[in-house]
Amino acid sequence: MTGADHYEVLSLPRRFRLEASELDAAFLRLSRELHPDRFAGASEEEKVGIQRRSARVNDAYRALRDPVARAEHLLSILGVTRGEGEARCPPDLLAEVFELREEAAEGGAAAREKARGLLVSAESTLAALLEAADAEPDEGKKRAILPRVREALDRRKFLASLVREVTGAGRG
Amino acid sequence: MPPIVGIDLGTTNSLVAYMKDGAPVCIPDERGRTLVPSVISVGEGGLELVGDLARGRRITAHDRTVFSVKRFMGRSLEDVRDELHLLPFGVRERGGLLQIRLLDREFTPQELSAFILRELKRRAEKHLGEEVGPAVITVPAYFNDAQRQATKAAGLIAGLKVLRIVNEPTAAALAYGLSNRDRGVVAVYDFGGGTFDISILRITDGVFHVLSTNGDTHLGGDDIDQALMDRLLPGVPEALRADACLLQALRQACERAKCDLSSAGEARVVVSMPGRAEIDLVVTRRQLEGVMRPVVERTRTACLAALKDAGLSASDVDEVLLVGGSTRIPMVRSLVAETFGCEPRCELDPDEVVALGAAVQADILAGKTRDMLLLDVTPLSLGIEGFGGVMNVLVPRNSTIPASVKEAFTTAADNQTAVVVHVLQGERELAAENRSLARFELPVDPLPSGLARVEVEFLIDADGILNVTARDLRTGRGQSVEVIPSHGLTEDEILGMVREGIEHGREDMEMRWLVEARTEADIVLNAARKAVTQARAAGVPEERLTRFTEQIGELARVRDGTDHGAIRGALKRFNAETEDLAAKIMDAAVKSALTGKSLSEA
């Protein structure tokens, strides 16, 4: 299992969209089998490996449970590199975000609503792209969608931090 | 295979349980009591007494008796500074370790907890008729790494093989789950003597999957006693307020009144120290509820945070289980019902349920209960200090354990020979505001900056304890890293204490029996003499007291002998013969001394 990605660890298909129920079922099935409680009689030397193996299952579950972390993970498996550091503001939003930040600094509730609205729309764009990527049977065509997934993911990441920023500013 | 016992090492009381014919049972003493008060007292000949005997000495030997040791486990002096003034015993820090003074000796909280564990081990061995070694010990779910390590160390010092550290609320869920293990969302509200935990679990075909946990390791019934005491102190004469012994007695009286008020509308707080102080106040349930409300409200905040982390709302919760002695308080129950919108379950004794669950977990580890499994979480985020003193989270809170993460480190300057890693636990953004778990140096070969690469694996094991290993990625060389909590014992220190413990185990049992019998006699004699003084003060005629004082003299004479069997016999006779007599005297005394003042008058 060493070196396996999170999908392999849980024996799940490499899809962006996973049903919570299929993820939970895989996690519980493996936990029943591999949890350290099942090997309480093992020797001290064996125990380290047993803890590690169980941790791999839990780490995979933790990563795949969150749709954003899951998408990041799948992109990296598929060789689409991740942007370094904080996500930048998408060029088409520069003016709007500038204005929005000013409004928020003055304590405008409307600015917070606007930021949330942008995030919601970015999330639905992302969801549509993830669905399209999962549904595409042709490898080549699928590859062509991935850069757009990357972009949508970064956009969502930026907007999520923007929402945190302006709602935080509103409270302060 | 020796039986694996389940131990609840509590702030106020501790218990030991085991699986008997497929059902968990708590092990009682000869008198049928399952609770062992978590009190340690140094008795005659420097012998440590634990449990009821030690509890009986909290007032008469307040300078050599400690309680609530759990509050000090894995803590620094800074952590506990606020509560030191409440304690009659001395606490200081030496070499990063807390030391609690008992007479002329000092003990770490781990060693003191080990005394309690040793007493539980003795009790289990006597009951089961065989040696007991492997054990499951419970801790509050919200215990951090240092507190868990301290508990595990206490187990080792007591000569136990600690197979697992289990969270108290989840253990309780296992105890309840024996009869209901199909599916559903369960909230466990665990409000004990010194700690509060809330855990939300999803049960699916025997798998108890913890979704989130929250709590406060310094919030419990003790705080309610304190709040009541603070309310009553203005009614105590100024000159008496600095009397440690009196404050101890008042604290116990407040605790008793709090318990009484769970079923009665009003209760008396009586402290009687002939010749020194007489306090007699009346407290109503409404007054108690007034002072305890802020304490109880803090538990609600934690419940809501746990629900949020589980991604659930109160209406998703199918069942709420009550755990811990403080859940006997009607106000606490109504708060729980209100917060979760359903009547909480409390069929199992809230004092015993955690130990029962620990016994179930022990059975799971023994491979006997195979259709149940507990998947627990780490209560606090684990991270490392990054640039600018921020905390970089590696394993977020509420991650299922075991959990691991690998992180690569490199050098920032040329010819640097070590990389420093500062491991933290907590939810704050700044490193300095979180708990420092450990700081360690990874040696690297002197190279230009950025060339050395060390991969560190952080593994939180099934006990919720951090294990760290490092590997030099350039040379492939592995290095083991011993994570010593900033306020914990090193492996060598633990081993030293284990050895001492073994020596201790060979103590003269005759001597222990004698000291225990004498201590019990002292407690009985003390109470009897006090009763006589009170009876005289209340105007009970001397001739009615003669027989009683003769009995006291007889018991005192035997007590000074060295035959523990004779003392036990005398105690038995004394109790049997004086029970009726004492009741009559006390009855007369109480009737003529109904002097209880109400709280508002005070």
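Which residue forms a salt bridge with B:R164? The residue is A:D37, and the closest N and O atoms of the pair are 2.3 Å apart. A salt bridge here is a side-chain nitrogen of Lys or Arg within 4 Å of a carboxyl oxygen of Asp or Glu.

Before I go on, a word on the model. This is a predicted model, in which local features need pLDDT of at least 70, side-chain atom pairs count only at pLDDT 80 or more, and totals for chains, interfaces and linings use all residues. Residues are numbered from 1 along each chain as its sequence is written, chains are lettered from A and ligands numbered from 1 in the order in which they are written, and side-chain values use heavy atoms, with hydrogens and water left out.

Now the interface between the two chains. Chain A puts 17 residues into the contact and chain B puts in 26, where contact means heavy atoms within 4.5 Å. The size of an interface is often given as the accessible area lost when the parts come together. Between chain A and chain B the buried area is about 2000 Å², with 51% of it from carbon and sulfur atoms. Buried area is the accessible area, taken with a 1.4 Å probe, that two parts lose on being put together, summed over both. On the chain A side, A:D37, A:R38 and A:R62 lose the most, together 30% of what that side buries.

The salt bridge I opened with is one of two between these chains. There are also 11 residue pairs in polar contact, both residues at pLDDT 80 or more. A polar contact is a pair of N or O atoms within 3.5 Å; within protein, one must be able to donate a hydrogen and the other to accept it, and residues adjacent in sequence count only if both atoms are side-chain atoms. Helix 2 (20–34) and helix 3 (44–65) of chain A each supply at least two residues of the side that touches chain B. Helix 3 gives the most, with eight residues. Helices (H or I, at least four residues) and strands (E, at least two) are DSSP runs, numbered from the N terminus.

Next, inside chain A. The chain is divided into domain 1 (6–65) and domain 2 (91–171), with bounds from an automatic or database domain assignment. Their C-alpha centres lie 32 Å apart. Four residues of domain 1 and eight of domain 2 make the contact. The buried area between these domains is about 470 Å², and carbon and sulfur atoms give 63% of it. In domain 1, A:R15, A:F16 and A:R17 lose the most area to domain 2, together 94% of what that side buries. The two domains have zero salt bridges between them.

Last, chain B. Which residues of helix 9 (residues 330–340) are buried? They are B:M331, B:V332, B:L335, B:V336, B:A337, B:T339 and B:F340. Buried means under 20% relative accessible area, exposed over 50%, and partly exposed in between, with a 1.4 Å probe and protein chains only. These residues pack against strand 13 (183–191), strand 14 (196–204), helix 8 (285–310) and strand 18 (319–323) of chain B. Just after helix 9, B:G341 takes a positive phi of about 65°.

Some loops in chain B also deserve a mention. B:L103, in the loop between strand 9 (97–102) and strand 10 (105–107), has a phi near 60°, a positive value in a residue other than glycine. A cis peptide bond joins B:I401 and B:P402, with omega about 0°.
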